[in-house]
Structure formats: C-alpha cells, structure tokens
Amino acid sequence: AHLGFKGGRIIEPAAGVGYFIGAMPKEMAENSQVTAVELDLLSSKILKALYKPYSVKVIHGGFEKSGVPSSFYDLAISNVPFGNYQVPELRNVPYQNFLIHDYFFAKALDVVRPGGLVAFITSSGTMDKHDDKVRSYLGSRAKLVGAIRLPNSAFKQIANAEVTTDIIILQKPMAGKA
C-alpha cells in the first residue's frame, strides 16, 4: 500500500497455506482478485478451504506449469522457496538455469504488467552471489524499489528457522521506459 498498490490482480506464486492472503489489509482484499499457486497438494487443499469464501483462485502445481498469463498481474508477492536447485522450466527462457529463488523473480517479472510490482522474501543468496548474472538479468528488466535485510532470527518464532533473508521489491518498467 505504501508503494501505491490499493488493489488489483495479485499472484502469490508459492502460496503455501496463504499467510500473505490472510494478512492482506481488508480494503486491499476487497479490491483485488487473487491467484494463488501452490505445489504441495495438502497446502493447496488447505488454501482452497481457507479462502473459498473470498474467491481466491487456487492453482495446484508448480509456478512453471501454472499457465498464468504474461503481463497480467499488478502485484506478485510471496515468500519464495529457496535452495541450491533449479526449476525444470518447460519453455526456452533466459532464466531457465537460475536457482529456484532467482527463477521466481524472473518468472514473476514475466507475469506482472508494465508498472507492476514484485515483492518477495528470499534468501540472502539473490543479493549476495559473487556471480552477478541474476542481478544483471533482473536489473535489465526491473527497477529496484527497495531491499531490506532481515535478521537471521526473523522467522525463528513462526517457522523455527534461523536464516538470513531479504525482502526485495522490484517494479517492471512501463512500456518504452528503461
């Protein structure tokens, strides 16, 4: 909301059971259409049960197989999966060899409209890699709006995890602008 998003088309490409959807401000939720993508079957069933009254569209499957349209969403928001493995992308795309957390950024930039925002919680690996290939790719397709390094204890209470994470917010440029 502080960045001007009051409502619109939202995608949550790694929704889990819907923490972001549940925490959305009421007015924003009332003015938005949400698509939630979740790979895990049990989590997607919980997600459907929790948010059925709110008309959240739930897609069970991986983000790479979700079939969501390009340049359609106003906002992509998620706590993306992270790890030292790649997503088996079905199409020939320049980011098909990115690690999973970086893949989610690149794919999200494909599905948000010009002017749309991507706001993800990710591992510190996206910003801290020695190889700048991912950052260069993302920087050529989006403006860095903000980056916040969270302390490694940020998720200790809710997920019993101690990991250094970043919140990274990107904005896809308007057509014809760099």
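Ile77 has Ala119 of strand β5 as its bridge partner. This pairing belongs to a predicted model, in which strand β4 (residues 73-79) and strand β5 (residues 112-123) run parallel and are joined by 6 bridges. The two strands are part of an open sheet of 7 strands with mixed pairing.

**Sheet architecture**

- The strand order across the sheet is β3-β2-β1-β4-β5-β7-β6.
- Strands β3 (57-60) and β6 (143-150) form the edges, each pairing on one side only.
- From one strand to the next, the twist averages 15°.
- In general, the strands of a sheet pair through backbone hydrogen bonds, in either a parallel or an antiparallel sense.

**Strand pairing around β1**

- Strands β1 and β2 run parallel and are joined by 4 bridges.
- Within this region, Arg9 has Gln33 of β2 as its bridge partner.
- The pairing of β1 with β4 is also parallel, and it extends over 2 bridges.
- Ile11 has Ala76 of β4 as its bridge partner.

**Helices on the sheet**

- Helix α3 (residues 41-51) lies across β2 (33-38) and β3, and it runs at about 170° to β3.
- Helix α4 (residues 100-111) packs on the sheet, where it touches β1 (9-12), β4, β5 and β7 (165-171).
- The direction of α4 makes an angle of about 165° with that of β5.

**Nonpolar cores**

- The largest nonpolar core comprises 30 residues.
- Ile11, Phe104, Val118 and Phe120 have the most contacts inside this core.
- At least two residues of the core come from each of β4, α4, β5, α6 (133-141) and β7.
- Helix α4 gives the most to this core, supplying 8 residues.

- Leaving aside residues up to four places away in sequence, Phe120 touches Pro13, Ala76, Ile77, Ser78, Val80, Phe104, Phe105, Ala108, Asp166, Ile167 and Ile168.
- Among these contacts is Ile77, the residue whose bridge partner in β5 is Ala119.
- Ala76 is another residue touched by Phe120, and Ala76 is the bridge partner of Ile11.
- Phe104, also touched by Phe120, is listed with Phe120 among the residues with the most contacts inside the largest core.

Methods:
Residues numbered from 1 in each chain as written. Predicted model: local features only at pLDDT ≥ 70, side-chain atom pairs only at ≥ 80, totals over all residues. Heavy atoms only, no water. Pairing = 2+ DSSP bridges. Axes fitted to C-alpha atoms, helices over the stretch in contact; angles between N-to-C directions. Contact = heavy atoms within 4.5 Å. Core = buried A, V, L, I, M, F, W, Y, C linked by side-chain atoms within 4.5 Å. Buried < 20%, exposed > 50% of the residue type's maximum accessible area, 1.4 Å probe, protein only.
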